[in-house]
Amino acid sequence: SDVYSFGVVLIELLTGRRAIDKKRPKTEQNLVDWSKPYLSNSKRLRCIMDPRLVGQYSVKGAKEMALLALQCTSLNPKDRPRIQTAVETLENLQKFKDMAVTYGHWPQCARNGASNKVKIDLRAGGNHKRLSPLVSGRTTWF
């Protein structure tokens, strides 16, 4: 259970979210359940990265950390790594020097059907901008 909890903490660090958050929509309240589909896919992983990191992290390191978190939170305890292996994996992440770059919009990262683009309503001669509810953390991966 300690390794599982360690994996949960890794996911919290990646996403900036709490393990259980009853204020979120029902499908997003349990962080592990919500994040698992994103953790194994680097294109989807960027969609759940904490926007407060503002691209100041290693892309390769984030991918490796996500995979480690996925292993640690495996439902089968025998599939989880030993804590020493997890620690060694994290220590090896320090060597990565690549950094994410912040720019542009990522419409494919829309959460809950929302988009991070500005929407303009021109009906009835109005020029009213509606901002999406998403935080504008814009990160690209190479």
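This is a predicted model: local features need pLDDT of at least 70, side-chain atom pairs count only at pLDDT 80 or more; totals for chains, interfaces and linings use all residues.
What covers the buried residues of H4?

Figure 1. Helix H4 runs from residue 59 to residue 72. Its buried residues are Val59, Gly61, Ala62, Met65, Ala66, Leu68, Ala69 and Cys72. The cover over these buried residues includes H1, helix H2 (31-39), helix H3 (42-45) and H5.

**Figure 2. The whole chain, for orientation of the close-up views.** The chain holds 5 helices and 4 strands. Along the sequence, their order is α-α-α-α-α-β-β-β-β. Of the 142 residues in the chain, 36% are buried. Among contacts with a separation of 6 or more, 61% join residues 24 or more positions apart.

**Figure 3. Packing of H4 against H5.** The axes of these two helices come within 10 Å and cross at roughly 170°. Angles over 145 degrees count as roughly antiparallel, and H4 and H5 are therefore roughly antiparallel to each other. On the H4 side, the contact is made by Met65, Leu68 and Cys72, which meet Ala86, Thr89 and Leu90 in H5. By residue type, this contact has 5 nonpolar residues, 1 polar residue and no charged residue. Met65, Leu68 and Cys72 are also among the buried residues of H4.

**Figure 4. Packing of H1 against H5.** Helix H1 covers residues 2-15 and helix H5 covers residues 83-92. The two pack at an angle of about 25°, and their axes are 10 Å apart. Angles under 35 degrees count as roughly parallel, and H1 and H5 are therefore roughly parallel to each other. The crossing in which H1 passes H5 is left-handed. Val3, Phe6 and Leu10 in H1 meet Ile83, Ala86 and Leu90 in H5. The residues of this contact comprise 6 nonpolar, no polar and no charged. Ala86 and Leu90 of H5 meet residues of H1 here, and Ala86 and Leu90 also meet residues of H4.

**Figure 5. Packing of H1 against H2.** The axes of H1 and H2 cross at roughly 70° and come within 11 Å. Angles of 65 to 115 degrees count as roughly perpendicular, and H1 and H2 are therefore roughly perpendicular to each other. H1 contributes Tyr4, Val8, Ile11, Glu12, Leu14 and Thr15 to the contact, while H2 contributes Leu31, Val32, Trp34, Ser35 and Leu39. These residues divide into 8 nonpolar, 2 polar and 1 charged.

Figure 6. Ile11 lies in helix H1. Is this residue buried or exposed? Residues under 20% relative accessible area count as buried; Ile11 has a relative accessible area of 0% and is therefore buried. Setting aside neighbours within four places in sequence, Ile11 is in contact with Gly16, Leu31, Val32, Ser35, Leu39, Ala69 and Thr73. Of these partners, Leu31, Val32, Ser35 and Leu39 are H2 residues in the contact with H1, and Ala69 is one of the buried residues of H4. The C-alpha atoms of Ile11 and Ile48 are 9.7 Å apart in space, with a sequence separation of 37 residues.

Terms used:
Residues are numbered from 1 along each chain as its sequence is written. Side-chain values use heavy atoms; hydrogens and water are left out. Axes are lines fitted to C-alpha atoms, for helices over the stretch in contact, and angles run from 0 to 180 degrees between N-to-C directions. A crossing is left-handed if the near helix is turned anticlockwise from the far one by less than a right angle, and right-handed if clockwise. Contact means heavy atoms within 4.5 Å. Ala, Val, Leu, Ile, Met, Phe, Trp, Tyr, Cys and Pro count as nonpolar, Asp, Glu, Lys and Arg as charged, and the others, Gly among them, as polar. The expected span of a helix is 1.5 Å times one less than its number of residues. Buried means under 20% relative accessible area, exposed over 50%, partly exposed in between (1.4 Å probe, protein chains only).
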